[in-house]
Amino acid sequence: MNIRDLEYLDALGKFLNFKKAAQYCNVAQPTLSIQIGKLEHYLGCFLLERTTRRVNFTPLGLQILEHSKIILKEIEEIKKIAQQSTNNNVKIFHVGISDSLPEYFISYITEAVLSSDPSINLNLTIDKSEVLFSQLESMSLNLLIVSSTKCPDNFISASLINFPVSHQMAILKANNEQPTSILCSYSEIKSKICFRNGDKNMDNYLHIGNLINESIDALSKKNHIA
């Protein structure tokens, strides 16, 4: 028995017709029929009731068909995992971000990480901090970026460099030209990165934190902020 045999069986379950199932699997009809016969011989039972017009599954065949669907679904998941790890070595991390952080800050840090290390893909979930910590504990998320609040004891946290924010007032000219920004004052956004203690990807999370810090540091120097 092999994966292809289960695919043939699944196709027969979809179409209940050897010709259509063979076309779907891109094989000759005798090939599919022979392989299903071999599968029946291997299992030691009849899976199908063959008629001239239609294929009917035996009660046992229906049970085996359902299990084969589960196996094929799991195989597809395995393929996806393998593809993610080999697709240009892209590392996908599910990141929770507190909704208390400004939208422009969220956009900045995600773009900064991507531009600094294209091998990292951040899949974002924005929600309240307490919801995110619950999802982090259940392993639905890999790491969090939250405002500078106390991190629960069962997680590890590292403070990020304060993000400099320039409060600017935009003056729109009457002739529809681009707005002119006048610098008024500066403030800072305090945040931290949190993840599960003992997570095997801890080094990657710290790498993400360093990329964010490096980009914030560069922004600070660009704006001449100490």
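Angles under 35 degrees count as roughly parallel, over 145 as roughly antiparallel, 65 to 115 as roughly perpendicular, and whatever is left as oblique. The model shown in these views is predicted, so to speak of local features takes a pLDDT of at least 70 and to count side-chain atom pairs takes pLDDT 80 or more, while totals for chains, interfaces and linings use all residues. Residue numbers start from 1 along each chain as its sequence is written, and side-chain values use heavy atoms, with hydrogens and water left out.

**View 1. The whole protein, before zooming in.** The protein has seven helices and nine strands. Helices (H or I, at least four residues) and strands (E, at least two) are DSSP runs, numbered from the N terminus. Of its 226 residues, 34% count as buried; buried is under 20% relative accessible area, exposed is over 50%, and partly exposed sits in between (1.4 Å probe, protein chains only). Take the contacts with a separation of 6 or more: 63% of them join residues 24 or more positions apart. Contact here means heavy atoms within 4.5 Å.

**View 2. Helix H1 against helix H2.** H1 (residues 3–15) and H2 (residues 18–25) pack at an angle of about 130 degrees, and their axes are 8 Å apart. Axes are lines fitted to C-alpha atoms, for helices over the stretch in contact, and angles run from 0 to 180 degrees between N-to-C directions. The two helices are therefore oblique to each other. On the H1 side, the contact is made by Arg4, Glu7, Tyr8, Ala11, Leu12, Lys14 and Phe15, and on the H2 side by Phe18, Lys20, Ala21, Tyr24 and Cys25. Sorted by type, the residues of this contact are eight nonpolar, no polar and four charged. For that sorting, Ala, Val, Leu, Ile, Met, Phe, Trp, Tyr, Cys and Pro count as nonpolar, Asp, Glu, Lys and Arg as charged, and the others, Gly among them, as polar.

**View 3. Glutamate 40 in helix H3.** Glutamate 40 belongs to H3 (residues 29–43). Glutamate 40 is buried, with a relative accessible area of 8%. Setting aside neighbours within four places in sequence, glutamate 40 is in contact with Cys45, Phe46, Leu47, Leu48 and Arg50.

**View 4. Helix H5 meets helix H7.** The axes of H5 (residues 103–116) and H7 come within 9 Å and cross at roughly 105 degrees. That makes H5 roughly perpendicular to H7. H5 brings Tyr108, Ile109, Ala112, Val113 and Ser116 to the contact, and H7 brings Ile208, Leu211, Ile212, Ser215, Ile216 and Leu219. By type, the residues of this contact are nine nonpolar, two polar and no charged.

**View 5. The five-stranded sheet.** This open sheet runs in the order E4-E3-E5-E9-E6, with mixed pairing; two strands pair if DSSP finds at least two bridges between them. At the edges are E4 (120–127) and E6 (155–159), each pairing on one side only. Direction ignored, neighbouring strands are turned by 25 degrees against each other on average. Three bridges join E3 to E5, and these two run parallel. E5 and E9 run antiparallel, joined by five bridges. E6 and E9 (residues 191–196) are antiparallel as well, again with five bridges.

**View 6. Strand E5 and leucine 143.** Five of the five residues of E5 are buried, so to say the strand is mostly covered. Leucine 143 of E5 stands opposite valine 95. In E9, leucine 143 has phenylalanine 195 as its bridge partner.

**View 7. Helices laid on the sheet.** H6 (residues 129–137) lies across E3 (91–98), E4, E5 (143–147), E6 and E9, and runs at about 160 degrees to E5. H7 (residues 202–222) packs on the sheet too, touching E3, E4, E5, E6 and E9, and its direction makes about 170 degrees with that of E9.

**View 8. Asparagine 142 in the loop between H6 and E5.** This loop is where asparagine 142 lies. Asparagine 142 is buried, with a relative accessible area of 14%. Beyond its neighbours within four places in sequence, asparagine 142 is in contact with Ile92, Phe93, His94, Leu136, Phe195, Arg196, Asp199 and Tyr205. Asparagine 142 and isoleucine 92 are 50 residues apart in sequence and 9.6 Å apart in space, C-alpha to C-alpha.

**View 9. Cysteine 151 in the loop between E5 and E6.** Cysteine 151 has its place in this loop. Cysteine 151 is buried, at a relative accessible area of 9%. Not counting residues up to four places away in sequence, cysteine 151 touches Phe133, Ile156, Ser157, Lys192 and Cys194. Two of these residues also face one another: serine 157 stands opposite cysteine 194 in E9.
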